[in-house]
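I opened the notebook to record, step by step, what I looked up in this structure. The entries below follow the order in which I went through the helices, the sheet and the loops.

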Amino acid sequence: MRRWLVCAGAALLAASPAFAQDTCPAARLPILSLPKVRQALATNQEITIVAFGSSSTAGAHSSDIAHSYPAVLQAELAAALPNAHIAVLNRGIGGQDVQEMLPRIERDVLAIQPTLVIWQVGANGAMRKMPPEQFHELVSGGVRRLRTAGVDLILMDNQRAPAIMASPEHMRIARALADVAARFGAGLFGRGDLMDQWRTAGHPYERFISADGIHHNDLGYRCVGVALAAAIKATITQPLMATVPDVIANTTTAKR
């Protein structure tokens, strides 16, 4: 059974002076598995988050790095958890997919000794028509290394962008990533599911995608960062229950 957490997104974001006008669509947010983050928060330890991925992490086609999703995530978590010391490090490199990322895991991720890794992967693989079976095998190897190191892990799938959806393999890539997350007990933050919910609520995909038909625009990055921050905050500050009813998380933000 898929579980969802109760997330009062409006309350989370009200504390942030950086956001006060624009509105991100409401969404249900998944329960994540973040025991290391919970422990660090409970013992007043620094929480280091590595955002690992490709151009969606680097912030391609945003106005600047401050509008990338990791920067938004940093700002939202700092506002939501003012007594915690949280650092979000951006380790995104445009054009890469799992083959190019695997050699970077030791240097760009584990050498930092992170509490949490958010691994965004699969968009370039889908556009390059990588066989989903190969993608599954390679991602599994990377996830196995990260889990062996004892870090919390969230896998992030692809945005609903025309160039990605044109790939005949894009949904199989998404299912492969979800299967890896389930097999290794990692969290899954589904941008595809998130954007599907936004479209159902009357906000078309293109509202969040830049003119290149691939990357997010500033609004897309912001709303992804806001939703991810809300999911992380709710997961680590609420007791986990056996089942949690579906709920709506209102995410009201303003443009920087």
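This is a predicted model: local features need pLDDT of at least 70, side-chain atom pairs count only at pLDDT 80 or more; totals for chains, interfaces and linings use all residues.

**Entry 1, helix 4 and helix 12.** I began with the pair formed by helix 4 and helix 12, and I noted that helix 4 passes helix 12 in a right-handed crossing. I then listed who meets whom: from helix 4 the residues are Tyr 69, Val 72, Leu 73, Glu 76, Leu 77 and Ala 80, and on the side of helix 12 they meet Tyr 221, Arg 222, Val 224, Gly 225, Val 226, Leu 228, Ala 229, Ile 232 and Lys 233.

I stayed with helix 12 and looked up its packing with helix 11 (residues 191-200), where the angle is about 110 degrees and the axes are 12 Å apart. Helix 11 and helix 12 are therefore roughly perpendicular to each other. The residues in contact are Arg 191, Leu 194 and Trp 198 from helix 11, together with Cys 223, Val 224 and Ala 227 from helix 12.

I stepped back to take the totals for the protein chain, whose secondary structure comes to twelve helices and nine strands. The protein chain has 256 residues, of which 54% count as buried. I noted an accessible surface of about 10500 Å² for the protein chain, with 53% of it belonging to carbon and sulfur atoms. Among contacts between residues at least 6 apart in sequence, 83% join residues at least 24 apart.

I traced an open sheet of five strands in the order 5-4-6-7-8, with parallel pairing. The edges are strand 5 (86-92) and strand 8 (187-189), each of which pairs on one side only. On average, and with direction ignored, neighbouring strands of this sheet are turned by 20 degrees against each other. I also found that helix 4 (residues 69-80) packs on the sheet, where it touches strand 4, strand 5, strand 6 and strand 7, and that its direction makes about 175 degrees with that of strand 5.

Going along the pairs, I counted off the bridges as they are assigned. Strand 4 (residues 47-53) is joined to strand 6 by four bridges, and here Ile 49 stands opposite Leu 116. Strand 6 is joined to strand 7 (residues 152-156) by five bridges, with Gln 120 opposite Met 156. Strand 7 and strand 8 pair over three bridges, and Ile 154 is placed opposite Gly 187.

**Entry 5, strand 6.** How many of the residues of strand 6 are buried? I found that five of the five residues of strand 6 (residues 116-120) are buried, so the strand is largely enclosed by the rest of the structure. Leu 116, Ile 118 and Gln 120 point one way, whereas Val 117 and Trp 119 point the other way. I wrote the general rule beside this: in a regular strand the side chains alternate between the two faces of the sheet.

For helix 8 (residues 132-148) and helix 10 (residues 170-184) I read axes that come within 9 Å and cross at roughly 30 degrees. That makes helix 8 roughly parallel to helix 10, and the crossing is right-handed. Among the residues that meet here are Phe 135, Val 139 and Val 143 in helix 8, and Ile 173, Leu 177 and Val 180 in helix 10.

Last, I looked up backbone angles in the loops. Asn 44 is not a glycine, yet it has a positive phi of about 60 degrees. Asn 44 lies in the loop between helix 2 (35-42) and strand 4, and Asn 44 is exposed, with a relative accessible area of 62%. His 61, likewise not a glycine, has a positive phi of about 70 degrees. His 61 sits in the loop between helix 3 (55-58) and helix 4, and at 48% relative accessibility His 61 counts as partly exposed.

Conventions: Residues are numbered from 1 along each chain as its sequence is written. Side-chain values use heavy atoms; hydrogens and water are left out. Helices (H or I, at least four residues) and strands (E, at least two) are DSSP runs, numbered from the N terminus. Buried means under 20% relative accessible area, exposed over 50%, partly exposed in between (1.4 Å probe, protein chains only). Contact means heavy atoms within 4.5 Å. Accessible areas come from the Shrake-Rupley method with a 1.4 Å probe; for residues, only the protein chains shown count as cover. Two strands pair if DSSP finds at least two bridges between them. Axes are lines fitted to C-alpha atoms, for helices over the stretch in contact, and angles run from 0 to 180 degrees between N-to-C directions. Angles under 35 degrees count as roughly parallel, over 145 as roughly antiparallel, 65 to 115 as roughly perpendicular and the rest as oblique. A crossing is left-handed if the near helix is turned anticlockwise from the far one by less than a right angle, and right-handed if clockwise.
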